[in-house]
Amino acid sequence: MDLSKRQQRIIEIVKADGPITGEQIADQLALTRATLRPDLAILTMAGFLDARPRVGYFYTGKTGSELLTEKIKRYKVHEFQQVPVAVSEKVSVYDAISTMFLEDVGTLFVVNENACLVGVLSRKDLLRASMGSQDLSSVPVPIIMTRMPNITVCRKNDLLIDVAHQLISRQIDGVPVVKDTENGLEVIGRITKTTMTKLLVEITMEDTI
Ligand code: ADP
């Protein structure tokens with residue numbers, strides 16, 4: 001986040017003289033308290049300054065990048081999850097390939113008759129299956145999918161950064177977001193490498209922390 005000259009000046013004053021009241025900061029800058037109010041609000045919201053009633057403002061000692069890191073570490077899965085694409089375990093490899101193209105996704109989740117997760121199909125799973133000479137419309141997806149309980153899943157209140165670590169450590173492109181039901185795990189979303197890339201772009205476009 002880019003701070004204005006005045007906001008930088010305020011941080012310097014608070015660093016040197018904090019805890020200090022808004023009134024005293026305004027005096028040092030020869031401005032009114034009202035003029036400073038938006039700047040103080042921004043600096044407090046962004047975490048550079050903290051304010052305590054009857055004490056005043058003090059410097060938190062955190063740099064912009066420390067604050068950004070803290071913010072990223074607090075992101076939850078449900079804030080970023082995308083819509084999942086699932087196929088029934090009854091469909092053929094041929095149908096799964098069609099769905100992957102039609103839905104424009106790289107990972108398909110396979111569900112049973114209770115709409116609960118039983119497998120995952122990646123691009124390479126489908127490519128590998130197409131290398132043989134068998135008729136793909138007669139091969140059911142359970143033959144080639146990665147199955148439960150070997151599927152890495154996450155839940156909506158998990159931390160996004162933990163899922164990002166799993167994408168890297170398990171070398172997978174996506175993780176289903178699941179909800180526990182009495183029949184098994186219902187797929188309610190997905191976090192993929194694209195989700196993470198989009199977030200990176202979003203962060204660099206934002207100008208407030
Ligand atoms: P690709 O195979 O197209 O590079 P991935 O890297 O996502 O795509 O998949 C690698 C392997 O891991 C595949 O066999 C796939 O079935 C499996 N896989 C994909 N996602 C998961 C997951 N969430 N949990 C467990 N295994 C997965």
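1. **Ground rules.** This is a predicted model: local features need pLDDT of at least 70, side-chain atom pairs count only at pLDDT 80 or more, and totals for chains, interfaces and linings use all residues. Residues are numbered from 1 along each chain as its sequence is written, and side-chain values use heavy atoms, with hydrogens and water left out. Helices (H or I, at least four residues) and strands (E, at least two) are DSSP runs, numbered from the N terminus.

2. **Helix 2 against helix 3.** Helix 2 covers residues 22-29 and helix 3 covers residues 33-45. Their axes come within 9 Å and cross at roughly 110°. Axes are lines fitted to C-alpha atoms, for helices over the stretch in contact, and angles run from 0 to 180 degrees between N-to-C directions. Helix 2 and helix 3 are therefore roughly perpendicular to each other. On helix 2, the contact (heavy atoms within 4.5 Å) uses Gly22, Glu23, Ile25, Ala26 and Leu29. On helix 3, Arg33, Leu36 and Leu40 take part. By class, the contact of helix 2 with helix 3 has 5 nonpolar, 1 polar and 2 charged residues. Here Ala, Val, Leu, Ile, Met, Phe, Trp, Tyr, Cys and Pro count as nonpolar, Asp, Glu, Lys and Arg as charged, and the others, Gly among them, as polar.

3. **Helix 1 against helix 3.** The axes of helix 1 and helix 3 come within 10 Å and cross at roughly 75°. That makes helix 1 roughly perpendicular to helix 3. Helix 1 brings Arg6, Gln7, Ile10 and Ile11 to the contact. Helix 3 brings Thr35, Leu36, Asp39, Leu40, Ile42 and Leu43. The contact of helix 1 with helix 3 has 6 nonpolar, 2 polar and 2 charged residues.

4. Strand 1 (residues 49-52) and strand 2 (residues 56-59) pair in the antiparallel sense over 4 bridges. Two strands pair if DSSP finds at least two bridges between them. Arg52 stands opposite Gly56 in strand 2. Strand 1 and strand 2 form a hairpin with 3 residues between them. In the turn, Arg54 has a positive phi of about 65°.

5. An open sheet of 4 strands runs in the order 3-4-5-6, with mixed pairing. Strand 3 and strand 6 stand at the edges, each with a single partner strand, so one side of each is left without a neighbour in the sheet. Strand 5 and strand 6 pair in the antiparallel sense over 2 bridges. Gly119 stands opposite Arg147 in strand 6. Helix 5 (residues 93-103) packs on the sheet and touches strand 3, strand 4 and strand 5. The direction of helix 5 makes about 130° with that of strand 4. Helix 6 (residues 123-131) also packs on the sheet, touching strand 5 and strand 6. The direction of helix 6 makes about 75° with that of strand 5.

6. **Strand 4.** Strand 3 (residues 86-88) and strand 4 pair in the parallel sense over 3 bridges. The bridge partner of Val87 is Val110 in strand 4. Strand 4 is mostly covered: 5 of its 5 residues are buried. Buried means under 20% relative accessible area, exposed over 50%, partly exposed in between (1.4 Å probe, protein chains only). Thr107, Phe109 and Val111 are on one side, Leu108 and Val110 on the other.

7. **Aromatic pair.** The structure holds 1 aromatic pair. Tyr75 and Phe80 form it, edge-to-face, at 4.8 Å centre to centre with 70° between the planes. Rings of Phe, Tyr and Trp (its six-membered ring) pair if their centres lie within 6.5 Å; planes under 30 degrees apart count as stacked, over 60 as edge-to-face and the rest as tilted. Tyr75 is buried, and so is Phe80.

8. **Backbone spots to check.** Most residues other than glycine have a negative phi, and most peptide bonds are trans. Ala30 has a positive phi, near 55°. Ala30 sits in the loop between helix 2 and helix 3 and is exposed, with a relative accessible area of 68%. Ala115 has a positive phi near 60° and counts as partly exposed at 41%. A cis peptide bond joins Gly18 and Pro19, with omega about 0°. Another cis peptide bond joins Met148 and Pro149, with omega about 5°.

Conventions
Parallel < 35°, antiparallel > 145°, perpendicular 65-115°, else oblique.
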